[in-house]
Amino acid sequence: MIPGKDTQVGKNETQKEKYGVFALFDIEHFLRRILKNWYWFVLMLFIGYTISWMYSKYYAQNVYASDLSLSTSSKASEFLPTQSNQSINFIWGDTGNQDGLYLKKMLLSRSHNEFLVKELDLFVNYSTKGLIKSTYLDKDDSPVFLQIDKKHLQQINYPITLNPKGEGAYEVVLPEEGESTNLYNYEIEGFQSINPYNRPANKIIRINEWYNSPNLRFRLLKNPVTSKIKLDNIIISLNSINQSVDEIVSTTGVDFDKEIKSIMIISKKGYNLNSTVNFLNKSVAELQKKRLADKNVVNKNTDVFLKDNLNKIRRKLDSSATVLNYLKTSEKLYNIKDRDEKSLDKIKELEAKKADFISKINSLNNIKNTLQSQNFDKMIGTNAAGFEDGTFTATVSELKALYAKRSEMATIYKPSSEPMREINRLIDEAKMGSSNSLRGYYNRYYEEINKIDREIAGANSDLTSYPEKERRYMDAERGYNMIEATYNSLLGRQNDTQMRMATNQSDITVIDPAKNLGQRPIGPNVKLAKIGIISGMLLLPLLFILIGELLDNKIRNIKELLGATKIPLLGVIGNNNNENMLTVLEQPKSSVSEAFRGIRASVRFLMNNDDEKGKVILITSSIGGEGKTYISINLASVLGLSDKKTILLGMDLRKPKIFGDFKIDNKYGISNYLTGEVGIDEIINKTKIPNLDVATSGPIPPNPSELLMSQRNIKFIEELKEKYDFIIIDSPPVGLVADSYELMKYSDANIYVVRHEYTEKYMLKMITEKYHNNEIEHLGLIYNDYNVKQGYGYGYGYGYGYGYGYFDEDKNYKEPLLIRIRNKVQTIFNKK
């Protein structure tokens, strides 16, 4: 059955717009292309597995992590008095988890990690290399340590290879290229340029012997611990201080225990497990040592400050006691009658509080003066001023580090340079922060003193009834009590300070030190990387096929063709394996010949059978090369062999072809007849088929369109209809010229040839629109050059395909692998 034209009444414009529109993506054809190119996926799978195996074995660098947990056993708020390049600042406050947050900030601070880098020479990196893969070493894994001369300029990020030569000798091998004139100065932590030089030659040096070159100066020190690893080579490279600090900060993590917030867990990641373990343990050990020393110095400063103030207050107390005793003995005022003891006790209590605040303000003044003078070595503890503030402590520590940094930079940069302006800006911000913190305590203490003064004034009003002599005695007594309260307050703080000095210990307690317990690497995820590599390789052919499918605009699917055009399908022609176009004549038993017979029957459904004259069948296509001439020749041959008088007209005057296959002289043809040069009998040629005649195109004329549209051509066709049952017109392609559209007005059936994997989809847009707009009638499609092996059982049954023994070509037919497997399985299960 031939799919007919959509005859639905009242089709709207939206439906018409859909005609000739193909789907952007054909999933069926996409899957077929994947199956067709299966070998690419197998190849990519093999390549992906090989790459992933090489990556995991030779290139993947394992990342390890170790942890250390510690707790703070006591509060501490002192400042560090020692030199900035020899101390680690760890001071934390008093509220909530502020202590831990401040400690975390300091652990990740540049000042702390810069100290560690310089103290432990962490800017020197050790590794070794096999045939392919490099392995990072811990410093203790190397049999020798590299010690640089910091006064000499050094080239960083420049691998130095040490090859053992026995008996403490090592050959120093530098890269073949890469020597730089921009060298690093470890003293000023900056780069300096030198004059060009030749690559240093390889040299053998011994332990403690200095190696000298324009870009390096170092010596090797023997590792006191015998390494358990035998190394064929040691590769050492230097980093800048900044590089090393950034690397440590980026690989160090600080977290808090979920249940006990005062417990901190410090983690370190690295390519060598021992390096991470040693770093954490050495870092905390150094921290404990420096912390204890710093606390002792601060406490000593505080003790000296308090002793000095106690001596001053003691002298005032002695003087006040003398005055009080004099009044008692000379004025006989030691037993005043009717004293208001309640008011006097209240005044005494208030004045004691006032004395305490005045003492704290005195300590604040000392701290403020120390900050202004930048004499941090004399800094006293904030507990002397009656507060412990981690924020203030952090600000002061930052300010101290910035002052030290500015002193170093002053030897390199000019005062007006951008780096100096930036460091001054940071110092001003830190000074502002510390001043604001102190101002807050000043305001709080003065508010308390003013409040106390108002309460004392209220209490004094109750004492105005006393005589002047007695009130003078009570004033002297109050002065003595106030000085005594100040003395006692300072004495109490001194006792606290001396107690801390006597029992002082590090307030950082290690709970679990870092250990090498054979931890598995935390990265990279080699399994996931393998899956990613293999998947990526498999996606490559899939991506290429997908892109090809999206960019491919050729007709490949019969079902999609019919769904988009809604034009009847007359038949499907398989691939032509003949050297010429005479398939029906030379291979009458082939499947292709049978397909043409089916088309012969289908064409009759397109034509108007009421007219007894000969039927005109016009055959066209979008462009050349789609097989319209091949279809014309074989359809005419089928009709001629069925005892129907048939003539084949070669009206593609621009590109004549028919004469070659029939071995006809093309000297005279239709073009000659239409110009009046010859008569009709002179252009009609006989063929091997008695009922088939051929009129070739003839020489190519200069005006083919005018000739085909002429009245002489129309009369020519009408005259042939009287003599022949069928007139087959091989017309020009409609995608290039419009001649065929005009000829279709005089045809009884129009055949449009679509070639498999050749015809572009967009070329069918015009013919489809004209068909559904009723500009063209009696139109049908022929699907040409269809590859049967790609068909996979397409079910229209239009006479194409192999008959498994019925057609001649079946003897050379080999079933696809999937079909053979399916048939084998069916045979096994169908056995009785």
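Leu402 touches Ile423, Leu426, Ile427 and Ala430, leaving aside residues up to four places away in sequence. You'll find Leu402 in helix 9, which covers residues 390–409. Keep in mind that this is a predicted model. With that said, here's a quick tour, starting with Leu402 and then moving out to the whole chain.

**Around Leu402**
- Is Leu402 buried or exposed? Its relative accessible area is 11%, and the cut-off for buried is under 20%, so Leu402 counts as buried.
- Leu402 and Asn424 sit 22 residues apart along the chain, yet 8.5 Å separates their C-alpha atoms.

**The chain as a whole**
- The chain has 832 residues, and 45% of them are buried.

- As a rule, nonpolar side chains in soluble globular proteins tend to be buried together.
- Here, the largest nonpolar core is made of 49 residues, and Leu146, Leu162 and Phe218 have the most contacts inside it.
- Which helix gives this core its largest share? That's helix 7 (residues 273–330), with 6 residues.
- Apart from that core lies another one of 45 residues, including Val678, Leu708, Phe716 and Tyr724.
- Back to Leu162: not counting residues up to four places away in sequence, it touches Val144, Tyr170, Glu171, Val172, Leu220, Asn233, Ile234 and Ile236.

**Helix 16**
- How far apart are the end C-alpha atoms of helix 16? They are 20 Å apart, which agrees with the 20 Å that its 14 residues should span at 1.5 Å a residue.
- Just after helix 16 comes Asp643, which takes a positive phi of about 65°.

**A nonpolar patch on the surface**
- Tyr49, Trp53, Met54, Tyr59, Leu131 and Ile132 make up a nonpolar patch on the surface, and together they have about 700 Å² of accessible area.
- One of these, Trp53, belongs to helix 3 (residues 38–59).
- Trp53 has a relative accessible area of 40%, so it counts as partly exposed.

Note on methods. Residues are numbered from 1 along each chain as its sequence is written. This is a predicted model: local features need pLDDT of at least 70, side-chain atom pairs count only at pLDDT 80 or more; totals for chains, interfaces and linings use all residues. Side-chain values use heavy atoms; hydrogens and water are left out. Helices (H or I, at least four residues) and strands (E, at least two) are DSSP runs, numbered from the N terminus. The expected span of a helix is 1.5 Å times one less than its number of residues. Buried means under 20% relative accessible area, exposed over 50%, partly exposed in between (1.4 Å probe, protein chains only). Contact means heavy atoms within 4.5 Å. Patches are made of residues with over 30% relative accessible area and no salt bridge: like charges are joined within 9 Å, nonpolar side chains (Val, Leu, Ile, Met, Phe, Trp, Tyr) within 5 Å. Accessible areas come from the Shrake-Rupley method with a 1.4 Å probe; for residues, only the protein chains shown count as cover. A salt bridge is a side-chain nitrogen of Lys or Arg within 4 Å of a carboxyl oxygen of Asp or Glu. A nonpolar core is a set of buried Ala, Val, Leu, Ile, Met, Phe, Trp, Tyr and Cys residues joined through side-chain atoms within 4.5 Å.
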